[in-house]
Amino acid sequence: MTLAPRRGGTAIFGSILIAYVLTVVPLPEWARLARPEWVALVLIYWCMAVPHRVGAVTAFLAGLGQDALQGTLLGQHALAYVILAFVVVKLHQRIRVYPLGQQAVVVLVLLAMVHLIQFWINGLVGRPMPGAIYWLPPLIGTLVWPWLFVIMRGVRRYYGVQ
Amino acid sequence: MTLDHRQHLSSPVRELVQTAVYPIHLVVNLPFEIGDYASERLKGRHTLLEENARLRNQHLLYEARLQRLDQLERENIRLQGLLDSSYEVEEAVLIAELLRVDLDPYRHIIKVDKGSRHGVFAGQPVLDAQGVMGQVDTISRSSAVVRLITDPSHALPVQVNRNGLRAIAFGGGNLRELELPHLPNNADIRTGDLLVTSGLGGGFPSGYPVARVTQVTREPGHPFARVIAEPTAELDRSREMLLVRTRVRSDDDDEAPEQEDTASENGISGSGS
C-alpha cells in the first residue's frame with residue numbers, strides 16, 4: 001500500500017469542490033429545504049472506497065470549508081464530518097459489499113447522524129428549531145445515493161484513484 | 001472549535017477560511033452575472049432611451065428634494081447642538097451587490113460582494129432604497145455575510161415615526177414579518193404606522209424606515225399587544241444595497257448619556273420578556 005502510486009488526488013479534491021458548488025447553487029424556494037448534503041455524500045463515498053487516503057483529516061477540512069461556505073458556526077460541519085468519516089472508515093469493508101439498496105439504507109443512517117449533530121449544535125447555540133421538514137435532506141440524500149455511487153465509481157476508475 | 005467561535009476568538013481564522021471559499025461563491029454566481037450582462041446588452045435602443053429619460057426625471061426630482069433635506073439637516077444639527085445632544089452624520093456609503101448563492105436555509109442571511117478590503121466591518125448597517133435590510137454578520141477579505149432584520153435572532157430598536165414611541169422589532173423567520181413584542185395594550189400604535197430606526201443601541205443610524213405596521217391585536221386578557229409589521233425594504237428582491245458608515249458628531253462626553261439610554265431600553269425589553 002505504501003508503494004502504490006497515489007494518483008487521483010485531483011479527482012478527490014475536484015469532486016469535493018463540485019459538491020461545494022452544488023451546496024450553494026441557488027434553488028427555487030420549494031426545493032431549498034430539500035437540498036441533500038452533497039459534501040457528506042461525496043465524503044462517504046471516498047471514505048468507503050479509499051479509506052487509507054480519505055479519512056478524518058480530509059473530512060475535517062471539508063467540513064470547515066462547508067461552514068465557511070454556508071456561514072454556519074465554524075466547526076459544526078467539521079465535527080459532524082469527522083465523526084462521519086470515522087464511522088465510515090470503520091465500516092468500509094462491510095458497506096462496500098452491500099448491494100446498492102442496502103448501502104442506501106446505511107447512508108440514510110449516516111446522513112441522519114450528521115444532521116442530528118447539526119441539530120444539536122444549533123440547539124446549543126440557541127437557534128430556533130425548524131419543524132419536521134428539517135429531516136428531509138437525509139431522505140433525499142438516500143434517494144440520490146445509488147446514482148451518485150455509480151457516477152463516483154466511474155470517476156474513481158477513470159482517474160485510477162486507489 | 002465551536003466554543004471558540006462563540007467567544008469570537010476565531011474570527012481571523014473564519015475570515016481566512018471564508019476568503020478561501022469565496023471563489024466557489026463567485027463560480028456559482030457567474031451564470032447569473034452573464035445572464036444579466038447579456039440582457040443588458042441586448043436591450044433595445046428604444047427601451048434604453050425611455051429608461052434614461054425616466055431616470056433623468058427622477059434624478060431631478062430627488063435632487064430638488066435633497067436641497068431641502070440638506071437645509072433641514074443643517075438646521076437639525078444646529079438645534080441638536082443647542083440641546084447638547086449627539087447627532088449622527090452619514091459619512092460614507094458603499095454600494096454592494098448581492099451574490100446569488102444559497103446559504104443556510106433556516107436563517108435569513110445573504111452574501112454580498114464587499115468585504116474587509118473595502119472597509120466593511122461587522123455590525124455595519126445595510127440598507128436598500130426602501131429601508132433597512134439588516135447588518136453585516138461576518139466578513140472576509142472581499143465578501144460579507146449580511147443578517148437580515150427578519151432573521152429569528154435579530155432585534156432592532158425602532159420608534160414609531162408618528163409619535164416617537166420606542167419599541168424593539170424582532171425577526172420572526174418570515175421574510176414579510178417583524179414582531180414588536182413588549183408593547184403595552186394602551187400603546188399608541190395603529191395599523192399603517194411607519195417604524196423608523198431609533199438609533200438607540202448605537203448599531204444603526206436613526207431615522208431610516210424599517211417597517212409598516214400591518215396588524216395590531218389588543219387582547220384584554222394579555223398585558224402586551226400583538227403587533228406585526230411588514231419590512232419596507234425588499235428583502236428578497238433587492239440586488240444592490242448600501243452599506244452605511246456613520247459617525248457621531250459630537251464630543252465623547254455626549255456618548256455617555258446615550259449609552260445609558262440604551263441600557264435602560266434593554267432593561268425594559270428584558271423585564272418584558
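This is a predicted model: local features need pLDDT of at least 70, side-chain atom pairs count only at pLDDT 80 or more; totals for chains, interfaces and linings use all residues.

Student: What makes β8(B) and β12(B) a pair?

Tutor: A pair requires at least two bridges. β8(B) and β12(B) have two bridges, so they meet the requirement. Within β12(B), Ala229(B) stands opposite Leu178(B).

Student: Which other strands are joined to β12(B)?

Tutor: Strand β9 (residues 183-184) of chain B is joined to β12(B) by two bridges, antiparallel, with Leu183(B) partnered by Ala225(B). Strand β11 (residues 209-217) of chain B is joined to β12(B) by six bridges, also antiparallel; here Arg212(B) has Glu230(B) as its bridge partner. β11(B) and β12(B) form a hairpin, with six residues between them.

Student: How many residues of chain B are in contact with chain A?

Tutor: 24 residues of chain B are in contact with 30 residues of chain A. The two chains bury about 2500 Å² between them, 67% of it on carbon and sulfur atoms. On the chain B side, Ile24(B), Asp102(B) and Tyr106(B) lose the most area to chain A, together 28% of what that side buries.

Student: How many salt bridges and polar contacts does the rule find across this interface?

Tutor: The rule finds zero salt bridges between chain B and chain A. For polar contact, it finds one residue pair, both at pLDDT 80 or more.

Methods
Residues are numbered from 1 along each chain as its sequence is written. Chains are lettered from A and ligands numbered from 1 in the order in which they are written. Side-chain values use heavy atoms; hydrogens and water are left out. Helices (H or I, at least four residues) and strands (E, at least two) are DSSP runs, numbered from the N terminus. Contact means heavy atoms within 4.5 Å. Buried area is the accessible area (1.4 Å probe) that two parts lose on being put together, summed over both. A salt bridge is a side-chain nitrogen of Lys or Arg within 4 Å of a carboxyl oxygen of Asp or Glu. A polar contact is a pair of N or O atoms within 3.5 Å; within protein, one must be able to donate a hydrogen and the other to accept it, and residues adjacent in sequence count only if both atoms are side-chain atoms.
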